[in-house]
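Welcome! Have a look at it first, then try each task before reading on.

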Amino acid sequence: MIDEPAPPRRSLRIAYLLASTELSGGVRVALLQAEALARRGHRVTAVATQPAPDWFPLMRARFERSSFRDSASLAEADVRVAASWTTIAAALDGARGRVFHLSQGDEGQFLCERDRWPEIEAAYRLPAGKLAVSETLRALLESRGLGPVANVGQIFDLAAHTPGPPRPASDPPVILLVGPADVDRKGVAVALDGLAVWRRRGGSFRLRRVATAPPTPAELARGLTDEYHHRLVPDRMPFAYRAADVFIGPSRAEDAFGLSALESLACGVPSLLSDTPGHRELAGDAAWYFADGDPESLAASLPALLEAPARARAREAGPREASRCDPERAAQRLEAVFLDPAGTARPEAQRLQA
């Protein structure tokens, strides 16, 4: 018998401030949180100056296109959530209730944001409660004096990401690599280097790429990519995972996001991840690992994932590990923090267990 989720202690009016509605994993996580909270009976609105995202139809939560200063939803909100560091100041401006910042990575460590580090640091030190999507990120932010931080865990569409029917391995095997090649923290260049090493050693594969940005000239010049899917909408991603024989998640240590790796695990795909604290927290023993930033290690680790025992292990362990991040649990964790008088509740202080 499945227990019914506990009802909220009281209904809240919650508003998420989106800096953009363009297709991205960060925006998707904020919208997934909004939907999950709305399903629990809260009045949740995503507010942005851009049009509503056509790639993510909101079913329970609402969308308001407005400037933040003129937003009716923000004016009445009990809780405001800045979905990026760029909206923290706007979330605090004129707030009548509580304000939180949802952090999905320590942007102050991103090379691509180096010229904005002082601005990012100043935004993080504004008096907004901090929410992190992993224990690894929580500990990192607090170690830099940016706490206290509540770990609310990662969230994804658990119902959509499930293993497909068992099938024989493709010949040659299909390798799925997700993310833009020109964002250093995503590690795509490391993965491409590792695949090139493996090919030189006789490895045969078909590389399928998915990214929100078009392929870079450098990637095209490598000649490794067989398929490139630009801006593949979220409801097609489960099919991309199930059609792959191996998923490679090469994100660097400073990238605490992990959404693609989580979705791959849930679909039962053998997943080779960079050996970072964030990936270890997310995937545990359900994934395989290569040394972070090391193409040679990736090339050496890859063949084991193409064997039948790896496929069987991934179908069993991956979905079980990913199930810890289902939307209902994420909504309950968020709710606990929003209703906690101090705003620093930690319903699960270590790895979030089922």
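**Exercise 1.** At what angle do helix H9 and helix H12 pack, and how far apart are their axes?

*Solution.* Please keep in mind throughout that this is a predicted model. Start by finding the two helices: H9 covers residues 259-266 and H12 covers residues 308-322. They pack at an angle of about 130°, and their axes are 7 Å apart. Finally, look at who makes the contact: Leu 262, Leu 265 and Ala 266 come from H9, while Gly 318, Pro 319 and Ala 322 come from H12. Sorted by class, the contact of H9 with H12 has five nonpolar residues, one polar residue and no charged ones.

**Exercise 2.** In what order do the seven strands of the open sheet lie, and which strands stand at its edges?

*Solution.* Read across the sheet and you will find the order E3-E2-E1-E4-E5-E6-E7, with parallel pairing. Now go to the two ends of that order. Strand E3 (62-65) and strand E7 (149-151) are the edge strands; each has a single partner strand, so one side of each is left without a neighbour in the sheet. From one strand to the next, the twist averages 25°.

**Exercise 3.** How do H1 and H13 pack, and which residues meet?

*Solution.* First the geometry: H1 and H13 pack at an angle of about 80°, with axes 9 Å apart. Since angles of 65 to 115 degrees count as roughly perpendicular, that is the word for H1 and H13. Next the residues: Gln 33, Ala 36, Leu 37 and Arg 39 in H1 meet Pro 327, Ala 331, Leu 334, Glu 335 and Phe 338 in H13. By class, the contact of H1 with H13 has six nonpolar, one polar and two charged residues.

Now stay with Glu 335, which lies in helix H13, residues 327-339. Its relative accessible area is 7%, and buried means under 20%, so Glu 335 is buried. The side chains of Glu 335 and Arg 40 are joined by a polar contact of 3.0 Å.

**Exercise 4.** Is Phe 247 buried or exposed, and is Pro 234 buried or exposed?

*Solution.* Begin with Phe 247, in strand E11 (residues 246-249). A relative accessible area of 2% makes Phe 247 buried. Leaving aside neighbours within four places in sequence, its contacts include Leu 176, Val 178, Tyr 241 and Leu 273. Leu 273 is 26 residues from Phe 247 along the chain, and their C-alpha atoms are separated by 8.2 Å.

Then turn to Pro 234, in the loop between strand E10 (225-230) and helix H8 (237-242). Pro 234 has 13% relative accessibility and counts as buried. Beyond its neighbours within four places in sequence, Pro 234 is in contact with Leu 23, Arg 28 and Trp 55.

Methods:
Residues numbered from 1 in each chain as written. Predicted model: local features only at pLDDT ≥ 70, side-chain atom pairs only at ≥ 80, totals over all residues. Heavy atoms only, no water. Pairing = 2+ DSSP bridges. Helix = DSSP H or I, 4+ residues; strand = E, 2+ residues; numbered from the N terminus. Axes fitted to C-alpha atoms, helices over the stretch in contact; angles between N-to-C directions. Contact = heavy atoms within 4.5 Å. Nonpolar A, V, L, I, M, F, W, Y, C, P; charged D, E, K, R; others polar. Buried < 20%, exposed > 50% of the residue type's maximum accessible area, 1.4 Å probe, protein only. Polar contact = N/O pair within 3.5 Å; in protein donor to acceptor, adjacent residues only side chain to side chain. Parallel < 35°, antiparallel > 145°, perpendicular 65-115°, else oblique.
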